[in-house]
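The sequence and structure are shown first.

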Amino acid sequence: MKFRKKPVVVEAFQLNERGLVGEDWFWNAVSENKVITHDFGKFNQNPAWCEIKTLEGTMIAKAGDFIIRGVQGELYPCKADIFMATYEQDLDK
């Protein structure tokens, strides 16, 4: 048997070196302790990274990775090459 993944629309952004994030849903997750940020801010010498609490356990997102908000509000990281191969921008929104 073969299966095709159903098309879904997710929200996502690519984590930059400074951790300068404009998505409110990300900062809400930080406030709820679902995401722990490290080395965020323009004056940090090291690249930003964060810990994301997922159903599969705590996962790490490093600068360059995408952080995805799924259809049920869950957050998870994704390497850039996998993200680009899996997703395309929804131009209807």
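Asp-39 lies in the loop between E2 and E3, in a model that is predicted. Phi of Asp-39 is near 60°, a positive value in a residue other than glycine. At 25% relative accessibility, Asp-39 is partly exposed, because that class lies between the 20% and 50% cut-offs.

**Backbone with positive phi**

- Asn-33 likewise has a positive phi, about 65°, although Asn-33 is not a glycine.
- The loop between H1 and E2 holds Asn-33, and the relative accessible area of Asn-33 is 42%, which makes this residue partly exposed.

**Aromatic pairs**

- The count of aromatic pairs comes to 7.
- Trp-27 and Phe-40 form an edge-to-face pair, because their ring centres are 6.1 Å apart and their planes stand at 85°, and an angle over 60 degrees places a pair in that class.
- This pair links distant parts of the chain: Trp-27 belongs to helix H1 (residues 24-31), whereas Phe-40 sits in the loop between strand E2 (35-38) and strand E3 (49-54), 13 residues apart.
- Trp-27 is partly exposed at 31% relative accessible area, whereas Phe-40, at 16%, counts as buried.
- Phe-83 and Tyr-87 form a stacked pair, with 4.7 Å from centre to centre and 25° between the planes.
- Phe-83 is buried, with a relative accessible area of 11%.
- A cluster linked by ring pairs contains Phe-13, Trp-25, Phe-26, Trp-27 and Phe-40.

**Nonpolar cores**

- The largest nonpolar core has 14 residues, of which Phe-13, Phe-26, Val-35, Phe-40, Cys-50, Ile-52 and Ile-67 touch the most other members.
- H1 and E3 each supply at least two residues of this core, and the largest share, 3 residues, comes from H1.
- Another core, of 5 residues, lies apart from the largest one and includes Phe-66, Ile-68, Cys-78 and Phe-83.
- Beyond four places away in sequence, the contacts of Phe-40 are Leu-15, Arg-18, Gly-19, Val-21, Phe-26, Trp-27, Ala-48, Trp-49 and Cys-50.

- Leu-75 is placed in strand E6 (residues 75-78).
- With a relative accessible area of 11%, Leu-75 is buried, because the cut-off for that class is under 20%.
- Leaving aside residues up to four places away in sequence, Leu-75 touches Trp-25, Ala-29, Val-35, Ile-52, Thr-54, Ile-68 and Arg-69.
- Leu-75 and Glu-11 are 64 residues apart along the chain, and their C-alpha atoms are separated by 9.6 Å.

**Largest pocket**

- The volume of the largest pocket is about 760 Å³.
- Its lining consists of 24 residues, and those nearest the centre of the pocket are Val-8, Val-9, Val-10, Tyr-87 and Glu-88.
- Strand E1 (11-14) and helix H2 (80-86) are the elements that give two or more residues to this lining, and the largest share, 3 residues, comes from E1.
- By class, the lining of the largest pocket has 13 nonpolar, 8 charged and 3 polar residues.

Technical notes: Residues numbered from 1 in each chain as written. Predicted model: local features only at pLDDT ≥ 70, side-chain atom pairs only at ≥ 80, totals over all residues. Heavy atoms only, no water. Phe/Tyr/Trp six-rings, centres within 6.5 Å; stacked < 30°, edge-to-face > 60°. Helix = DSSP H or I, 4+ residues; strand = E, 2+ residues; numbered from the N terminus. Buried < 20%, exposed > 50% of the residue type's maximum accessible area, 1.4 Å probe, protein only. 1 Å grid on protein atoms, 1.4 Å probe; cavity = no way out; pocket = protein on both sides within 12 Å on 5 of 7 lines; lining within 4 Å. Points joined across faces, edges and corners; volume = space filled by probe spheres on them. Nonpolar A, V, L, I, M, F, W, Y, C, P; charged D, E, K, R; others polar. Core = buried A, V, L, I, M, F, W, Y, C linked by side-chain atoms within 4.5 Å. Contact = heavy atoms within 4.5 Å.
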